[in-house]
Amino acid sequence: MSWLLPPHASSYAADIDWLYYLILIITGIAFLVVQIGLVWFIIKYRARPNGKALYTHGFAKAEWIWTSVTAVVVVVIGLLSAGVWDRIKGRDSIPPGAIPIGIHGKQFEWHISYPGADGQLGTGDDLSIRNQLHLPLNKPVVATLTSEDAIHSFFIPAFRIKQDAVPGMTIRVWFQPTDTGTFELACAELCGLGHYRMRAVVTVHAEAEYQRWLDERGRAAAASPTALLQR
Amino acid sequence: MAHAHALTHDDVMRPPAGREPGSGVYNEKLGMWVFLGSEVMFFTSLIGAYIILRFGHPEKWAPPGEVLNVPVTAVNTFLLICSSVTMVKAFASAQDGNQRALRSWLLATVLIGASFVGVQVYEYAELVHKGFVPSEGLYGSTFFTMTGFHGFHVTVGVLCMMFVTWRAFQGKYTATDHRGVEVIGLYWHFVDLVWIILFTIVYLI
Amino acid sequence: MASTAAVVHEPALEHAHADDRPFIRKYIFSTDHKIIGIQFLLMSLFFLLIGGMLAMVIRWQLGFPGRAMPGGGVLPETMAPGGIVLPEFYNSLVTMHGTFMVFFAIMPLLVGVFGNYLIPLKIGAPDMAFPRINMASFWIAVPAGLIMLAGFFVEGGHAAAGWTGYAPLSANPELTGVSLGQQLWCVSLIILGLSSIMGSFNYITTIINMRAPGMIWFRLPLSIWALFITAILVLLAMPILSGALIMLLFDQTLGTHFFLPAQGGQPLLWQHLFWFFGHPEVYILILPAMGMVSDIIANGSRKPIFGYTSMVLAIIAIGALGWGVWGHHMFMSGMNPTLGTGFMISTLLISVPSAIKTFNWMGTMWGGNIRFHVPMLHAVAFVSMFVIGGLSGVFMATTPVDIYIHDTYFIVAHLHYVLFGGSLFAIFAAVTFWYPKMFGRLMNPLWGKVHFWLTFIFFNAVFFPMHGLGAQGHMRRIYDPTEYEFLAPLQGVNRMITISAFLLFTAQIIFLVNFIAGWFKGAKAGPNPWQDNGLEWATPSPPPHGNFPVTPHVYRGPYEFSSPLAVDDDYLPQSRKLETDREPAVLPAGD
Amino acid sequence: MRVAFGIVLALTAFGCGGDNGGASDQPAAGQEGGGAIAPAGGGTITGTVSFTGTPPANPTIDMSEEPACAQKHAGGARDPQVVVNDGKLANVFVFVKSGLPAGQTYPVPSSAAMLDQDGCLYEPRNFGVMVGQQLEIKNSDPVLHNIKAVPTKNRGFNISQPTEGMTTRRTFNTEEIGVPLECNVHGWMKASVTVLNHPFFASTGNDGTFTIRGLPAGTYEIEARHEKLGTRTQSVTVPQDGTATADITFGAAAS
């Protein structure tokens with residue numbers, strides 16, 4: 001068990017991990033200061049026969065110091081975070097030309113739509129697949145999150161991305177895979193009795209391979225419709 | 001006398017207590033003010049939800065007067081305001097120690113409050129008859145919830161007021177101690193105020 | 001109001017101690033704040049036990065997913081056929097564990113028990129401002145608890161949408177298969193809200209209006225300050241929840257559309273309302289703990305509290321800032337990301353008063369003459385554990401990091417460090433500290449220490465590794481983590497946590513036995529076993545009906561330990577008059 | 001509407017008085033009454049459901065994320081929505097819609113109707129139970145299934161079976177035609193159960209035949225329901241203790 005984060009595989013994951021470790025170091029220091037202080041005081045100031053406690057109501061200077069140090073530290077953390085947050089989730093953060101992917105959460109499946117030849121979603125030639133998210137390497141992807149019933153949460157731990165899919169809302173979120181291989185997509189918001197089974201596999205291909213896969217699946221779907229599409 | 005009501009066992013058990021100067025008002029009045037703070041938050045949650053929902057989907061609301069009967073409700077609003085006036089009169093009579101006036105004004109307040117509830121029940125029956133029910137979209141949902149809980153508050157107020165009136169008829173309120181009248185009055189004015197807000201945002205806008 | 005002569009109370013002198021009320025008025029439908037406090041104590045310890053038992057079932061399933069639970073065969077088929085916990089029952093378990101612990105255990109333990117028991121005693125009042133309303137607030141809470149329990153036995157099972165009841169899962173029975181259970185959940189919490197509101201305006205009025213002569217605001221013990229601010233938070237936050245619950249209940253029963261998106265309702269509206277209540281609620285669950293721990297640390301260290309004024313200001317600041325941070329629960333909800341940044345900053349700022357309090361507790365111990373009685377052990381553990389909970393809060397307050405750890409076991413670890421490591425350790429401290437005042441006897445100190453150390457060790461064994469689980473991305477509320485490849489390697493940790501949790505639960509039996517045994521067999525306590533300064537220690541244990549034979553006058557603050565003015569002792573009670581003390585100005589009795 | 005085609009009144013003179021023997025020569029593939037015990041004696045309706053034209057291709061199911069189920073379908077899984085063998089249509093639910101004597105009640109069978117979940121498909125897909133009769137739902141897959149019933153007149157349920165071999169029983173309290181059953185973990189899994197307060201119903205098996213037994217003499221309207229192809233009704237007159245034949249035909253175009 002470790003406090004270290006697992007390997008990451010998306011463009012901005014390193015920024016999140018950097019902030020995480022920064023906070024881990026800062027809070028780690030505070031943790032040690034307090035815990036060591038407590039243990040030290042417990043040993044040093046334990047009751048002794050005829051012991052007498054120091055009669056004081058406090059020192060304003062000490063209080064000012066720890067108040068202002070804490071305030072400065074948290075404000076710095078806040079300022080550092082605000083920029084990263086804005087780059088990941090800000091309203092204008094989605095890179096131009098990102099590949100659109102539709103993610104529709106439904107108890108207890110992810111219906112993932114890929115654009116057809118025109119590169120647009122919702123134009124009738126979309127390809128919809130259950131629980132399989134395929135992505136090209138090093139290309140920004142913008143996922144359009146929707147939900148059929150309850151709130152679901154789109155979570156790919158390796159990409160450090162999470163976003164709720166709320167019924168009645170359309171929420172867009174972007175990410176850019178930086179490693180090929182397979183990863184897992186989980187639902188992170190309690191959505192009913194099958195919540196724990198709401199898992200999909202994420203496969204990141206090299207770009208040419210991704211295109212090949214997409215064409216192949218598109219042909220197969222045209223030849224024989226899948227049961228899932230008739231929802 | 002200080003405590004006009006009979007000394008209960010609990011009062012007897014209290015030692016003679018001096019005390020630190022507090023708010024400067026007696027417990028019941030302070031308690032009612034504090035409780036009204038809670039009530040403000042309750043109506044805030046309902047009204048806040050209404051505002052958010054309405055801004056989200058303004059098209060789900062019919063224009064004022066199309067579904068709801070504004071004239072009847074306007075008369076009802078006037079009734080409720082009148083009851084606040086009679087309440088003020090009742091309190092003033094209590095301060096003067098005018099028992100007859102106190103009883104009459106209290107009785108008037110009870111009757112006007114009850115008729116407000118009556119008109120609201122009539123209004124609901126009419127609306128339901130027209131097919132406007134709580135499940136009728138966001139409009140029905142918010143309308144019945146907000147006005148319903150206000151009506152519930154008025155009903156509780158009328159019941160408490162009947163109790164106060166009954167005590168007034170027993171001569172329990174004096175010129176020096178008429179806390180019950182003042183405390184129920186605070187509640188009553190609050191409920192009246194909430195209605196003016198509700199009438200404006202639910203019926204007129 | 002115009003007032004009233006002191007004469008009224010004259011008959012009281014003769015009767016001051018003649019408590020001839022019948023049993024039922026004395027112990028069942030009592031208006032005495034002390035009895036009501038003890039009633040709340042018994043009720044909430046019962047629900048604490050229930051909540052703990054639910055947690056054990058949760059842990060069994062997580063440690064040994066899909067395996068029949070030993071003894072689980074007694075559960076009906078709709079919950080655990082053959083002892084195998086069903087996913088829908090698991091969801092009910094996590095929902096009800098949270099609900100019972102937050103609303104029926106921790107909150108009544110802190111606010112119901114110690115608010116009732118301590119406020120009049122510590123401010124020198126004979127009782128609450130409204131004793132009958134106080135009684136009603138307990139007897140309203142009881143049916144709320146029974147209704148909540150009843151949900152387990154209705155068709156469709158109990159509420160299963162999480163203790164936060166996120167709509168539309170909670171609003172549309174079709175999505176969970178739970179209809180009546182979810183409705184009972186709403187009704188119970190609405191009733192409980194009424195009980196809490198009745199309690200809180202009582203506390204507020206009492207603290208403002210009924211302090212003994214000389215008990216000026218800045219002589220109030222920090223526990224009372226904390227309970228005062230908490231009461232204000234309860235008063236203003238609970239009605240928001242009631243309003244939201246009413247709308248949720250109507251969505252289920254009357255077919256309204258507040259939170260159902262099909263007709264334009266907004267699922268996020270529920271979250272906003274819930275957390276607008278919920279974040280003040282978080283402080284409701286920790287402020288009284290902080291206050292009581294302050295009292296106990298000063299007592300144990302035999303020193304005045306370090307920085308009394310800044311402690312008070314920190315409590316007020318936490319109470320005030322607590323209204324502006326609710327959005328930090330919703331960073332991933334689809335709320336406008338710009339709002340997210342605002343909520344992040346306000347959330348980070350709230351760590352400042354928390355840090356002030358922590359350093360002040362350490363400052364209090366610094367240079368002390370520390371006595372390690374059982375309450376002090378728990379209080380120091382509170383500081384140590386609360387710090388971990390507070391520091392882990394910085395991670396999720398930071399929006400980018402929260403993207404990753406939101407809704408993972410990191411959150412579970414954090415909230416348990418605050419609510420168990422924080423609130424519950426404080427409750428153990430407070431119960432052992434005021435137990436002699438409540439029952440006139442002491443709990444066994446040896447078994448108290450055994451319980452403390454076992455709890456401390458196993459608590460950390462259970463919850464510290466959860467940070468690591470969260471760091472690996474382990475989602476919360478997951479019925480079977482082994483379904484995920486990236487979580488399967490963590491199963492060993494999950495199992496270790498489960499075994500530790502069973503041991504943690506077992507250790508609580510010691511507390512329970514000690515609690516009950518102390519009632520009959522504990523050593524006689526005497527009025528002031530801890531040599532404390534508070535007014536409650538200046539009256540017999542347990543105090544008589546009416547609390548004080550003679551209304552105490554207050555001459556100083558509550559933390560004058562080791563004062564040079566105290567010649568013989570190392571403490572100086574608030575009500576002991578020294579020759580140099582002036583009499584406080586006394587307002588006549590009555591109104 | 002013309003009911004002319006295919007109504008054959010086969011009058012059995014006598015000899016079938018002790019009609020119980022008939023149960024054994026029922027086609028093995030056809031299901032009768034979902035375990036309902038028809039009253040002894042009485043008349044019988046039997047028939048074959050045919051399909052004319054070219055049956056539509058059944059959609060494929062992508063079970064690649066559910067390997068435990070996928071391996072039960074060699075050559076790829078398909079959703080057997082329209083199953084036709086030699087022109088005979090399976091998974092048709094046939095029941096007596098009207099014509100029964102009013103006020104008559106029928107004993108509820110003590111045996112349960114079965115619903116299996118095997119290879120992430122329901123079996124049977126279209127069946128009936130009596131009001132109050134137990135419906136036993138079984139999970140034959142080592143994966144989670146949930147069974148959600150969304151009736152309009154009965155009380156719905158939504159239960160789960162996380163482990164293989166788990167069984168759960170449920171009942172329905174009032175008559176309802178075509179209560180949809182679905183699994184939300186596997187969005188393609190759909191079935192339909194019809195709740196009746198009499199035992200006169202049957203589902204066709206792979207040979208397209210059905211048999212409804214124990215009917216008193218009289219003229220009945222029977223309805224045949226198929227999940228994709230809609231419904232057909234026809235009138236049948238059953239002689240005293242005799243057998244009537246009712247053959248039903250669905251076409252390629254759904255009604």
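Is C:L487 buried or exposed? C:L487 is buried, because 22 other C-beta atoms lie within 10 Å. A residue is called buried if 20 or more other C-beta atoms lie within 10 Å of its own, exposed if 12 or fewer, and partly exposed in between, with C-beta atoms placed from the backbone. The model is predicted, and local features need pLDDT of at least 70, side-chain atom pairs count only at pLDDT 80 or more, and totals for chains, interfaces and linings use all residues. Residues are numbered from 1 along each chain as its sequence is written, while chains are lettered from A and ligands numbered from 1 in the order in which they are written.

C:L487 sits in the loop between α16 (445-471) and α17 (491-521) of chain C. Helices (H or I, at least four residues) and strands (E, at least two) are DSSP runs, numbered from the N terminus. Leaving aside neighbours within four places in sequence, C:L487 is in contact with C:H474, C:P481 and C:T482; contact means that the C-beta atoms of two residues, placed from the backbone, lie within 7 Å. Between the C-alpha atoms of C:L487 and C:P81, which are 406 residues apart along the chain, the separation is 26 Å.

Chain C as a whole has 17 helices and zero strands. Its radius of gyration is 24 Å, close to the 25 Å that the globule rule gives for 591 residues, so chain C is as compact as a globular protein of that length. The radius is taken over C-alpha atoms, and the globule rule is 2.2 Å times the number of residues to the power 0.38. Taken along the principal axes, the C-alpha atoms of chain C fill a box of roughly 75 × 50 × 50 Å. Buried residues make up 69% of the 591 residues in chain C. Of the contacts in chain C between residues at least 6 apart in sequence, 81% join residues at least 24 apart.

The largest nonpolar core has 384 residues, and C:A429 and D:V94 are among those that touch the most other members. Such a core is a set of buried Ala, Val, Leu, Ile, Met, Phe, Trp, Tyr and Cys residues joined through C-beta atoms within 7 Å. Helix α7 (residues 222-253) of chain C gives the most to this core, with 24 residues. The core also draws at least three residues from each of domain 1 (13-47 + 56-89) and domain 2 (99-230) of chain A. The contacts of C:A429, leaving aside neighbours within four places in sequence, include C:M292, C:V293 and C:F382.

Chain A is divided into those two domains, with bounds that come from an automatic or database domain assignment. The C-alpha centres of domain 1 and domain 2 of chain A lie 39 Å apart. Chain A also contains an open sheet of five strands in the order β4-β10-β9-β6-β7, with mixed pairing; two strands pair if DSSP finds at least two bridges between them. The edge strands are β4 (132-136) and β7 (161-165) of chain A, each pairing on one side only. Strand β6 (residues 152-156) of chain A runs antiparallel to β7(A), and five bridges join them. In β7(A), A:K162 is the bridge partner of A:F155.

Of the four pairs of chains in contact, chains A and C share the most contacts. Chain A and chain B do not touch, and their nearest C-alpha atoms are 11 Å apart.
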